[in-house]
Amino acid sequence: MYCQNCGTLINEGSNVCENCKTVVSNTAEDMLVVQATQNTNYNAVSNNVITKQNKVKDFLKKYCKVVMIVSGIISVIGLCIAIKLLVSGDISYYIKQYNECMDGYRESNMSSYSSSYFSSAYKGIANSYKDLANTWATRIWGIAIKIVISGAVGIASGVLCLFSYKEYKAIK
């Protein structure tokens, strides 16, 4: 006879398994009672585990769908903002203004070296052009940063949406 708990061979006439110390019975009636009890406990535990697994699946299904929808919306909004900033013409206008200021700066700076009488006036004008060019450069960088951030958020949210969709389909 073998132990019902650990499967070790038990000597005839022994009521205890030497390996795991489980009490065993030699009679067929006692064996049926032990086996029925074990099956009942196993079924109860099995049903409990299945119930918990179903609850977890329902929870994940519900929130995968929410994550998928929210990340999809954020993705569309982020990419729309990035595209709007790119095609609005603001950045090309700012670049044009920056280039004109830099041209004025170079011309004024060169003129300050060629004319000794108006040298300080040309240097002042050159510095004004340079300050204005820095203002335009700041605006260009501001738009560029907005484009990068909104594009990155849009792409990252799109990837999250894709993974949520795959997880949702796998759970379903």
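## Terms and model

A residue is called buried when its relative accessible area is under 20%, exposed when that area is over 50%, and partly exposed in between, with a 1.4 Å probe and only protein chains taken into account. The model described here is predicted, so that local features need a pLDDT of at least 70 and side-chain atom pairs count only at pLDDT 80 or more, while totals for chains, interfaces and linings use all residues. Residues are numbered from 1 along each chain as its sequence is written, and side-chain values use heavy atoms, with hydrogens and water left out.

## Overall fold

The chain contains 3 helices and 0 strands, where helices (H or I, at least four residues) and strands (E, at least two) are DSSP runs numbered from the N terminus. Read along the sequence, the pattern is α-α-α. Of the 172 residues in the chain, 23% count as buried.

The accessible surface of the chain comes to about 12500 Å², and 62% of it belongs to carbon and sulfur atoms; such areas come from the Shrake-Rupley method with a 1.4 Å probe, and for residues only the protein chains shown count as cover. A contact means heavy atoms within 4.5 Å, and among the contacts in the chain with a separation of 6 or more, 61% are made by residues 24 or more positions apart.

## Nonpolar cores

A nonpolar core is a set of buried Ala, Val, Leu, Ile, Met, Phe, Trp, Tyr and Cys residues joined through side-chain atoms within 4.5 Å. The largest such core has 12 residues, among them Leu 85, Ile 91, Tyr 94, Met 102, Trp 136 and Ile 140. Helix H2 (90-114) and helix H3 (119-171) each supply at least two residues of this core, and the largest share, 6 residues, comes from H3. A second, separate core has 5 residues, including Cys 64, Cys 161, Tyr 168 and Ile 171.

Apart from its neighbours within four places in sequence, Ile 140 is in contact with Ile 91, Tyr 94, Ile 95 and Tyr 98.

Patches are made of residues with over 30% relative accessible area and no salt bridge, with like charges joined within 9 Å and nonpolar side chains (Val, Leu, Ile, Met, Phe, Trp, Tyr) within 5 Å; a salt bridge is a side-chain nitrogen of Lys or Arg within 4 Å of a carboxyl oxygen of Asp or Glu. One nonpolar patch, of about 1000 Å², includes Val 56, Phe 59, Leu 60, Trp 141 and Ile 145. Helix H1 (28-87) and H3 each supply at least two of its residues, and the largest share, 7 residues, comes from H1. Ile 145 has its place in helix H3 and counts as partly exposed because its relative accessible area is 47%.

Ser 112 is found in helix H2 and is buried, because its relative accessible area is 3%. Leaving aside neighbours within four places in sequence, Ser 112 is in contact with Ser 119, Tyr 122 and Lys 123. Ser 120 lies in helix H3 and is exposed, with a relative accessible area of 61%. The C-alpha atoms of Ser 120 and Asn 109, which are 11 residues apart along the chain, are separated by 9.9 Å.

Cys 64 counts as buried because its relative accessibility is 11%, whereas Cys 80, at 47%, counts as partly exposed. The structure holds 0 disulfides, a disulfide being a pair of cysteine sulfur atoms within 2.5 Å.
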